[in-house]
Amino acid sequence: MNSIALRASIALVALALGAPLQAKTLRYSMQDDATTLDPHAANLLGVGRLTQNVYESLVGRDKDFKIVPALALSWSQPDASTWRFKLRPNVKFHDGSTLSADDVVFSVERALHPLSQLKSSVQGIASARKVDDLTVDLAMKEPNPVLLNHLFNLRIMSKAWSAKNGALTPQNYKDKEDTFASRNTNGTGPFMVTLRQPDVKTVLVENPGWWNRASAERGNVTQVVVSPIKAAGTRLAALLSGEVDFVIDPPLQDVGRLKAAPELKVVQGGEPRVQFFGFDVHRDELLYSNVKGRNPFKDVRVRQAFAHAIDVESIRTKIYRNLMVPGASIVATQVQGYSRETDRPLKFDRERAKKLLAEAGYPDGFEVVIDCSNAPPAADACQSFAPMLAQVGIKLTPNLLVPTNFFPKIQKFDTSMFFYSWGSTTFDSLYVLQSLLYTNSNDQNGNGDSNLGRYSNAKVDRLIDQVKVETDMKKRDALIREVLAIIAVELPVVPLYQP
């Protein structure tokens, strides 16, 4: 299967011991379903896990995660401001139509649309132009030294299919718009969606006309049945009974026991993803707090107090069962530009937190609501924050929401504080910095698209603009470190750990 478990932290597979390699159905379960099938609508891990098996990109990644040709056979730079891609001939969409340059141009324009949350996939691109049926030029408004990494996330759609079904623009995900493309698919990838029942079942079957079907690394999966099961115990019981073959999010407290089960295989690894606090640092008065007439989170001392008040070590041992790494960097350790020198967590120190709150004018603390996804183990961590913060005078009320409500809510800035995670699908820091820390301007460039606390720092913006175009990687890494050093002081977000 084409990377359906990309970036999984823990996965369980039921083993068919001694079974020959033959065509098989993979029955796959997790807590939460993909919230849309539109590949340009929502920049969310659960969506990407599913759609990357249906829609393809100009470039792909091999088993060693190196960039390789996919829908594009080759690429070149005719001049400093142009990238030229030669498309693979005779590639068919699932409806039988042939991929052409028109579809690539359309997909670039769709990803650039204001409603798209995948603008980062076309970072630096001003426009796309058809040269001939199998050649596309990307005109750059600025250099992008890691353009191919970004294009890996650009899913190519059929222009004709999208026009026929009223899907020329991305779904308005924030407002929960229902569109044909949010429920149906037509890609060029190895799997086709044949049944879609959100939060119940999604069925994908092998694409018999896939251009890469003869690949030796294709595997033996001919059908995938995705069945979301909310309750962890029920999900695990389904695996143990043979009802499902693969679970991506087992209860962490059971992992030790599961490793001893001969019929199961446990696979685990670090994720290039960081779990963090986000704060509304924009409004003059918080939406969900008892503080009136001012915003406590505009004071860096309050944000520092929250960081000092959280016992991350307790979360690591009691909730994550040692399956996470504490850290203070918004950029994960596996990502280009990560800086160890800026990854220095503030010490767990309740007295220091109390002192900072008093200095900021909140000697008795205050009340605030934190929005969180209800998916464990992050949901369990979210609920653990309240008693920790109560020790320093903060009354924190967790608001646990299902993902279909959580993501649209915070994306509309309807929040005072939130617990969120962010990874880099490009494995480059720009994806993180531009999305989370650049001033949110709702522009065509994707700047600050996920800056949900609306932090704004002109110097940070200027540095990120330099990171976008710097081709000398040593200079580029130095610019990234400078941004991370500012963030470590100003704390618009408080990173806590890496799963």
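Visitor: Why is Leu491 called buried?

Guide: In this predicted model, Leu491 has a relative accessibility of 9%. Buried means under 20%, so Leu491 counts as buried. Leu491 is found in the loop between α15 (473-490) and β19 (493-498).

Visitor: Why does Arg454 count as partly exposed?

Guide: The relative accessibility of Arg454 is 22%. The partly exposed class lies between the buried limit of 20% and the exposed limit of 50%, so Arg454 counts as partly exposed. Arg454 also has a positive phi, of about 55 degrees, and is not a glycine. Its place is in the loop between α13 (429-436) and α14 (458-469).

Visitor: How do you know that Cys372 and Cys382 form a disulfide?

Guide: Their sulfur atoms are 1.9 Å apart, and a disulfide is a pair of cysteine sulfur atoms within 2.5 Å. The pair therefore meets the criterion. A search of the whole structure finds 1 disulfide.

Visitor: Why is the disulfide of Cys372 and Cys382 called right-handed?

Guide: The torsion about its S-S bond is about 55 degrees, so the disulfide is right-handed. Cys372 belongs to strand β16 (residues 367-373) and Cys382 to helix α11 (residues 378-390), with the two cysteines 10 residues apart. Both Cys372 and Cys382 are buried.

Visitor: What makes the peptide bond between Pro376 and Pro377 cis?

Guide: The omega of the bond joining Pro376 and Pro377 is about 5 degrees, and the bond is cis. Most peptide bonds are trans. Pro377 lies in the loop between β16 and α11.

Visitor: Why is helix α2 described as largely enclosed by the rest of the structure?

Guide: Of the 11 residues of α2 (residues 101-111), 9 are buried, so the helix is largely enclosed. Among the buried residues are Asp103, Phe106 and Arg110. The buried residues of α2 pack against β6 (82-87), β7 (125-132), β8 (135-140), α4 (159-164) and α5 (180-183).

Visitor: What covers the buried residues of helix α9?

Guide: The cover includes β15 (325-326), α11 and β19. The buried residues of α9 (residues 312-319) are Val312, Ser314, Ile315, Arg316 and Ile319. Just after α9, Arg321 takes a positive phi of about 50 degrees.

Visitor: How do you know that the radius of gyration of the protein chain agrees with that of a compact globule?

Guide: For 499 residues, the rule for a compact globule gives a radius of gyration near 23 Å; the protein chain has 23 Å, which agrees. The C-alpha atoms fill a box of roughly 70 × 55 × 40 Å along the principal axes. In this chain, 55% of the 499 residues count as buried.

Visitor: What makes up the secondary structure of the protein chain, and how many of its contacts join residues at least 24 apart?

Guide: The secondary structure comes to 15 helices and 19 strands. Among contacts between residues at least 6 apart in sequence, 70% join residues at least 24 apart.

Visitor: How far apart are the mean positions of the positive and negative charges of the protein chain?

Guide: The mean positions of the 59 positive and 53 negative charges are 2 Å apart. The protein chain exposes about 20,300 Å², of which carbon and sulfur atoms supply 50%.

Methods
Residues numbered from 1 in each chain as written. Predicted model: local features only at pLDDT ≥ 70, side-chain atom pairs only at ≥ 80, totals over all residues. Heavy atoms only, no water. Helix = DSSP H or I, 4+ residues; strand = E, 2+ residues; numbered from the N terminus. Rg over C-alpha atoms; globule rule 2.2 N^0.38 Å. Buried < 20%, exposed > 50% of the residue type's maximum accessible area, 1.4 Å probe, protein only. Contact = heavy atoms within 4.5 Å. Areas by Shrake-Rupley, 256 points an atom, 1.4 Å probe, with all protein chains shown as cover. Lys, Arg positive; Asp, Glu negative; His and termini not counted. Charge placed at Lys NZ, Arg CZ, Asp CG, Glu CD.
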